Amino acid sequence: AENQLLANVNMTITAGPTLEALDPVRYISNHSSGKMGFSLAEMAQKMGANVTLISGPVNLKTPKDVQRIDISSALQMHQESLNSLNQCDIFIACAAVADYRPANIETQKMKKQQGVDDLTIQLVKNPDIIADVASTENAPFCVGFAAETEHVERYALDKLKRKKLKLIAANDVAKSGQGFNSEKNALTVFSETERFAITLADKKLVASQLLTIIAQQYSQSR
Ligand code: C5P
């Protein structure tokens, strides 16, 4: 059996990609299997948490006794995340949110135009979901992820401060066999003053190690 370090803790987890429609048949998105977020949801539930999982489109089974809310766009994920805050002690942002969305969603399929070889799509910035969550009154304990290809520590600590996070879990996506669309992951977890290494392992094992760190830091913060 798992430890019960998260007994009765209300937790919201975002997972998967967001999908930003261009027209009824096309979208902008990014690579994300959702596996890390779903592993966190499964293991947090086993450690006693009440888990709400806000997920973009993924091909994964809902973990047992987890409340799953399916969304498509970043704006929908933003709304559902804020809605979850009336009952949320810990918020973990694992989703690969699209930074920008098309400024307009065409109501009809965009047609290929004769003689038009260059097409420009106007994009607008999406809200930063975890930064907005962390800036609310009585904000939950916020944990973010950072997928970096270089300067992992500097960029992760930058994000920790800028987004007002308590912890940030950084993965080096330049290394093969870990990170998105992989079964395995390795993380370096940073607080403002500490760092913790989680070595390369199956995402479920990585999830339970990360949740143990989160549970300890969360209880110290209260
Ligand atoms: O800034 P960057 O996208 O690298 O930050 C990653 C962290 O911020 C992740 O925890 C991700 O889920 C979260 N994020 C978010 N809303 C966005 C962009 C990122 O919650 N619009």
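Predicted model: local features only at pLDDT ≥ 70, side-chain atom pairs only at ≥ 80, totals over all residues.

Modeller: Helices (H or I, at least four residues) and strands (E, at least two) are DSSP runs, numbered from the N terminus. Two strands count as paired if DSSP finds at least two bridges between them. Within this pair, Ile-13 has Ile-92 of E6 as its bridge partner.

Residues are numbered from 1 along each chain as its sequence is written.

E1 and E6 belong to an open sheet of eight strands with mixed pairing, in the order E5-E4-E1-E6-E9-E10-E11-E12. Its edges are strand E5 (67–70) and strand E12 (195–202), each of which pairs on one side only. On average, neighbouring strands of the sheet are turned by 20 degrees against each other, direction ignored. Further along the order, E9 and E10 pair in the parallel sense over six bridges, and Glu-148 has Asp-172 as its bridge partner in E10. E10 is mostly covered, with five of its six residues buried; buried means that 20 or more other C-beta atoms lie within 10 Å of a residue's own, exposed means 12 or fewer, and partly exposed lies in between, with C-beta atoms placed from the backbone.

Helix H1 (residues 35–46) lies across E1, strand E4 (50–55), E6 and strand E11 (184–190), and runs at about 165 degrees to E1. H5 packs on the sheet as well, touching E6, E9, strand E10 (167–172), E11 and E12, and its direction makes about 160 degrees with that of E12. Contact here means C-beta atoms, placed from the backbone, within 7 Å. Axes are lines fitted to C-alpha atoms, for helices over the stretch in contact, and angles run from 0 to 180 degrees between N-to-C directions.

The largest nonpolar core has 56 residues, of which Leu-40, Ala-44 and Leu-211 touch the most other members. Helix H5 (residues 203–220) gives the most to this core, with seven residues. Such a core is a set of buried Ala, Val, Leu, Ile, Met, Phe, Trp, Tyr and Cys residues joined through C-beta atoms within 7 Å. Leaving aside residues up to four places away in sequence, Ala-44 touches Leu-6, Met-11, Ala-49, Val-51 and Leu-211.

Around the ligand are 14 residues, with Ala-93, Val-97, Ile-129, Ile-130 and Gly-144 coming nearest; a residue is near if its C-beta atom, placed from the backbone, lies within 6 Å. Helix H3 (129–134) and strand E9 (141–148) each supply at least two residues of this shell, and E9 gives the largest share, three residues.

Finally, one loop leaves E1: Leu-19 is placed between E1 and strand E2 (20–23). Leu-19 counts as partly exposed because it has 18 C-beta neighbours inside 10 Å. Leu-19 and Ser-72 are 53 residues apart in sequence, yet 5.4 Å apart in space, C-alpha to C-alpha.

Notes
Contact = placed C-beta atoms within 7 Å.
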